[in-house]
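Before we discuss this model further, please look through the points below with the coordinates open.

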Protein chains: 2
Amino acid sequence: MLEMQIGVIEVPTRKTLLVQKIEEQILSGKLRVGDPLPSERQLQEETHISKTVIHAALVELEQKGFLEITPRRGAIVANYTESGTMETLNARIRLNGGNMTKKQSHSFMEARIAIEGAALRRLAERHTDEDLAYLEAIIDQADALLEQKEPDAAALSEVLFRYHRGICLRSGNEFFPLLLNEFRPIIMEFWLRSIAVFGAASNVHLAKRYLELIRAGDAEGAFHRLERSVNEYLSCLDEQ
Amino acid sequence: MLEMQIGVIEVPTRKTLLVQKIEEQILSGKLRVGDPLPSERQLQEETHISKTVIHAALVELEQKGFLEITPRRGAIVANYTESGTMETLNARIRLNGGNMTKKQSHSFMEARIAIEGAALRRLAERHTDEDLAYLEAIIDQADALLEQKEPDAAALSEVLFRYHRGICLRSGNEFFPLLLNEFRPIIMEFWLRSIAVFGAASNVHLAKRYLELIRAGDAEGAFHRLERSVNEYLSCLDEQ
DNA sequence: TCCAACATTTGGTCCGACCAAAGGACGGGC
DNA sequence: GCCCGTCCTTTGGTCGGACCAAATGTTGGA
C-alpha cells in the first residue's frame, strides 16, 4: 500500500509573517541600516494587522538585533553587524535557505574550536566517572540509530548535538552549553552535512574517539583531534 | 552646595513585573521543569491584568527559554539547561541582584579567554592599518574620559566593551562579536568592577597594551597578557 | 528673532471581546 | 463492549479601540 506523507502543516501567525517580511526587507537591502520604519499606526493601516501584534513583532525584531526602537521617536534599522546576536545570524542564514557563506563556515568552525576545544581540554584534565557515563549513554543512542539499515540523519544529528553539548555541559563551565544552544540551528545543519559527506558511522566513530581521549586524560590530543576534523571538513567544503 | 543624587526612576510595567514574578517562581524551584502554568485566563483572574499583557509576558518568557508554549494546549516550564540561552543566564544573574556566583565568574572568564583569546591571536597574526586605526579611535575616546577629574565609570565601561568587541569584529570572525553582544550585560558589570578594583587608568593602559602586542604581531604575547589579567582579576575576586 | 504655549505624532500599555483549533464528554451504531 | 463521529469547553492568538506621557512640529505674540 502506498503511504502518502504530508507531514505537519504549521500555520504561521500574523506576527511571525510580519517579522519574516521585515527581516526579508532588511536582509535583501530594501531597508538599509539607519532607515526609519513606518510608524506602528502606518503599518497597521498597510497590513490590516492590529497594533498590538505590530508592536509585538517590532519588539521581537529589536530583540533579534534588527531594529533600534526609541520610545516616541520610532524604529530604525539597526546596524546588525554591531548590535546583532546569534539570533540575528540564525535569521540571516535561514533566509538564505539555510546555507552559510564560506566565510561564515570558517568563522563557525573557528568559534567551535575556541569553545568546544576549551571544553574538551578541561574535561580531559578533570572529569568524574559520572561524566564519562553521561557521554557513554548518548553514544549508545547513536549506536542504536546506526543499527538501522537506513540511519535517520536528522535523528543522528540531534544525538550528535546533544553529545557535544554534553561535553560542554560536563566541562563544568556554565556558559559553554548555553553558547552551543545559541548555535543550535547552525550546528544541526553542520551535522547533517557532515553525515552526508563522511557517513553516519564515521561521525559516530569520531565521537567515540573523543571519549577515549577524555578518559585517557589526553587534553592536547583531544584538542588536536578536534582541530584536525574541523580542517578536514573545511577542506572538503572548499573543494566544492 | 550638597547635590543629592536620585537618578532616573523607572516605572516598571505590569508586563515586566509579571515576567519577573514568574522567573522568580521558576528559579526558586516553586515551579519545576515540566510543570504546567495556569492558563492565561486563570492568570488574568489572579493578577487582575488583561489577557493581552499576560500573553505578552508569557511570550517573552518563552523567548528567554523559560517556558514552552503550545497553542491551544498551554505553557509548561521548559528545561532551561537544555533550551536555555545566554538570555536565560542573564535573567538568572539579574534576579540574583546582578551578582554572579564564583563559579559563574570563573566560567565567564574561561569563556572570555576562549573567545577573545582566539580573536586576539588572529588579529595579531593578520591585521590591516585600518584595523589598528579602528581600535585607536576607541582608545582615544577612553583617553578623553580619563582626562576628567572624576571619570564616569559607566561611560568608560561602555567604551571598553566597544573596544574589546572591536577586537572581535576586526578579527574577521563573524561569530565572535555577536557572542560578545550576547554577553553584554555580564561584560559591562565586569568592567565596572574592574574599574572599581584596579582604577580607570589601569584598565585603559591595559587596553593600549593589547593594541601594541597586536601591532607587533605577537599573538602568543597578546594571548598570555589576556590570561594574566584574567587570573589577576579572579584571584582578587577569590580574596573577598 | 526668539521663545513660550499649543497641537500632533509617536511608542508603550491596557482592555474586553472574538476566533480557530485541540481535547474531553457524550452518545449512537456496530 | 468498542469505535467513531458530534458537540462543548478550554486554550493560545488576534483584534480594534482606548489612554498615557514624552517628543516633535506649529503657531503666534513679544
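**Notes on the predicted model**

1. The lining of the second largest pocket is made up of 14 nonpolar, eight polar and 10 charged residues, where Ala, Val, Leu, Ile, Met, Phe, Trp, Tyr, Cys and Pro count as nonpolar, Asp, Glu, Lys and Arg as charged, and the others, Gly among them, as polar. The volume of this second largest pocket is about 910 Å³, and of the 32 residues that line the second largest pocket, A:Ala114, A:Arg121, A:Phe223, B:Arg121 and B:Phe223 are the closest to its centre. On a 1 Å grid over the protein atoms alone, a pocket is an open set of points with protein on both sides within 12 Å along at least five of seven lines, a cavity is a set where a 1.4 Å probe fits but cannot get out, and lining residues have an atom within 4 Å of a point. Grid points are joined across faces, edges and corners, and a volume is the space filled by probe spheres set on the points.

2. On conventions, this is a predicted model, in which local features need pLDDT of at least 70 and side-chain atom pairs count only at pLDDT 80 or more, while totals for chains, interfaces and linings use all residues. Residues are numbered from 1 along each chain as its sequence is written, chains are lettered from A and ligands numbered from 1 in the order in which they are written, and side-chain values use heavy atoms, with hydrogens and water left out.

3. Which elements supply the lining of the second largest pocket? At least two residues each come from α6 (102-125) and α11 (219-239) of chain A and from α6 (102-125) and α11 (219-239) of chain B, and α6(A) gives the most, with 11 residues. Helices (H or I, at least four residues) and strands (E, at least two) are DSSP runs, numbered from the N terminus.

4. The count of cavities of 30 Å³ or more comes to four. The largest cavity holds about 120 Å³ of space, and of the 13 residues that line the largest cavity, B:Phe108, B:Arg112, B:Glu116, B:Leu180 and B:Ile187 are the closest to its centre. Its lining has 10 nonpolar, one polar and two charged residues, and α6, α8 (153-170) and α9 (176-198) of chain B each supply at least two residues of that lining.

5. Around DNA strand C there are 22 residues, of which A:His55, B:Thr13, B:Arg14, B:Ser50 and B:Thr52 are the closest; a residue is near a molecule or strand if one of its heavy atoms lies within 4 Å of it. The surface near DNA strand C has four nonpolar, nine polar and nine charged residues, and α3(A) contributes the largest share, three residues. Of the atoms of DNA strand C within 4 Å of the protein, 60% belong to sugar or phosphate, and the rest to bases.

6. A base nitrogen of DNA strand C is 3.1 Å from a polar side-chain atom of A:Lys51.

7. Sugar and phosphate account for 59% of the atoms of DNA strand D that come within 4 Å of the protein. The side chain of A:Arg14 has an N or O atom 2.6 Å from a phosphate oxygen of DNA strand D, and a backbone N or O atom of B:Glu40 lies 3.0 Å from a phosphate oxygen of DNA strand D. The surface near DNA strand D divides into five nonpolar, eight polar and nine charged residues, with α3(B) giving the most, three residues.

8. In chain B, strands β1 (residues 67-70) and β2 (residues 74-77) run antiparallel and are joined by four bridges, strands being paired if DSSP finds at least two bridges between them. B:Leu67 has B:Val77 as its bridge partner in β2(B). The hairpin has three residues between the strands, and B:Arg72 takes a positive phi near 65° there; a polar backbone atom of B:Arg72 is also 3.0 Å from a sugar or linking oxygen of DNA strand D.

Key:
Polar contact = N/O pair within 3.5 Å; in protein donor to acceptor, adjacent residues only side chain to side chain.
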